[in-house]
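Please keep the sequence and the 3D view open as you read.

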Amino acid sequence: MIPAAAPHAQAIGLLHAAAFGPEAWSEASIATLFASPGVFGFIDEAGGCVIARTVADEAEILTIGVIPAARRRGLGWQLLGAALHEAGRRGASAVFLEVAADNAAARALYARAGFAEAGRRRDYYGAGQDALLLRRTPCE
């Protein structure tokens with residue numbers, strides 16, 4: 001696993017496209033994110049990436065994705081752990097993320113990591129596709 005930054009936007013864009021298909025973020029969007037204060041990420045050559053940010057004493061997981069061929073092997077867990085560790089190192093005491101309410105695999109991963117539901121965003125991903133806002137404290 002390597003730390004990611006703006007020069008990795010193309011590689012992350014390709015991974016994101018493989019993981020999320022038409023909903024993937026563009027390389028330009030990813031590069032713009034990395035230009036923002038507090039944004040950090042990691043890439044795993046096995047086929048995954050995570051982007052997060054810290055603001056004051058909070059962190060947010062912006063995206064975490066694993067390509068289909070690399071799923072169910074613990075890579076998402078490793079990426080999440082790396083992001084949580086880095087957020088804690090940067091002073092975050094809580095971390096937030098949004099997940100599709102119908103994404104059972106991701107919800108199981110986050111529950112295992114100690115995240116709890118803190119809210120719901122109705123139709124966040126489109127009509128009838130709610131997002132759950134999850135929170136975890138402490139960060140690490």
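This is a predicted model: local features need pLDDT of at least 70, side-chain atom pairs count only at pLDDT 80 or more; totals for chains, interfaces and linings use all residues.

Strand β1, residues 2-4, runs antiparallel to β2 and is joined to it by three bridges. Within that pairing, P3 stands opposite F42 of β2. Strand β3, residues 48-55, also pairs with β2 in the antiparallel sense, here over six bridges. If you want a landmark in this pairing, look for I43, which stands opposite C49 in β3. The hairpin that β2 and β3 form has three residues between the strands, and G47 there takes a positive phi near 125°.

Further along, T54 belongs to strand β3. T54 counts as buried because its relative accessible area is 13%, and the cut-off for buried is under 20%. Setting aside residues up to four places away in sequence, T54 touches P37, G38, F40, A59, A87, R90 and A92.

The largest nonpolar core holds 28 residues, and I61, L80, Y110 and F115 touch the most other members. Elements that give two or more residues to this core are β2, β3, β4, α3, β5, α4 and β7 (131-136). Which element gives the largest share of this core? That is α3, with seven residues.

Leaving out neighbours within four places in sequence, Y110 is in contact with I64, L80, L97, V99, F115 and L134. Apart from this core lies another one of 12 residues, and A4, F34, V39 and L62 are among them.

**The largest pocket**

Rolling a probe the size of a water molecule over the atoms shows where empty space is left. Here, the largest pocket contains about 1300 Å³ of space. Its lining is made of 38 residues, and F20, I64, N103, A106 and Y110 lie nearest its centre. By residue type, this lining divides into 21 nonpolar, eight polar and nine charged residues.

Which elements each supply at least two residues of the lining? They are α1 (9-20), β4 (58-66), α3 (75-89), β5 (94-100) and α4 (104-112). The largest share, seven residues, comes from β4.

A106, one of the residues nearest the pocket centre, sits in helix α4. A106 is classed as buried because its relative accessible area is 14%.

**A glycine in helix α1**

G13 is found in helix α1. With a relative accessible area of 11%, G13 is buried too. The C-alpha atoms of G13 and I30 are separated by 7.0 Å, and these residues are 17 apart along the chain. Leaving aside neighbours within four places in sequence, G13 is in contact with W25 and I30.

**Loop residues with a positive phi**

Most residues other than glycine have a negative phi. Against that background, A56 has a positive phi near 55°, and R72 has one of about 65°. A56 is in the loop between β3 and β4, whereas R72 lies in the loop between β4 and α3. Are they buried or exposed? A56 counts as exposed because its relative accessibility is 69%, and R72 is exposed as well, at 82%.

The table below collects the relative accessible areas of the single residues discussed.

| Residue | Relative accessible area | Class |
|---|---|---|
| T54 | 13% | buried |
| A106 | 14% | buried |
| G13 | 11% | buried |
| A56 | 69% | exposed |
| R72 | 82% | exposed |

How values were computed. Residues are numbered from 1 along each chain as its sequence is written. Side-chain values use heavy atoms; hydrogens and water are left out. On a 1 Å grid over the protein atoms alone, a cavity is a set of points where a 1.4 Å probe fits but cannot get out, and a pocket is an open set with protein on both sides within 12 Å along at least five of seven lines; lining residues have an atom within 4 Å of a point. Grid points are joined across faces, edges and corners, and a volume is the space filled by probe spheres set on the points. Helices (H or I, at least four residues) and strands (E, at least two) are DSSP runs, numbered from the N terminus. Ala, Val, Leu, Ile, Met, Phe, Trp, Tyr, Cys and Pro count as nonpolar, Asp, Glu, Lys and Arg as charged, and the others, Gly among them, as polar. Two strands pair if DSSP finds at least two bridges between them. Buried means under 20% relative accessible area, exposed over 50%, partly exposed in between (1.4 Å probe, protein chains only). Contact means heavy atoms within 4.5 Å. A nonpolar core is a set of buried Ala, Val, Leu, Ile, Met, Phe, Trp, Tyr and Cys residues joined through side-chain atoms within 4.5 Å.
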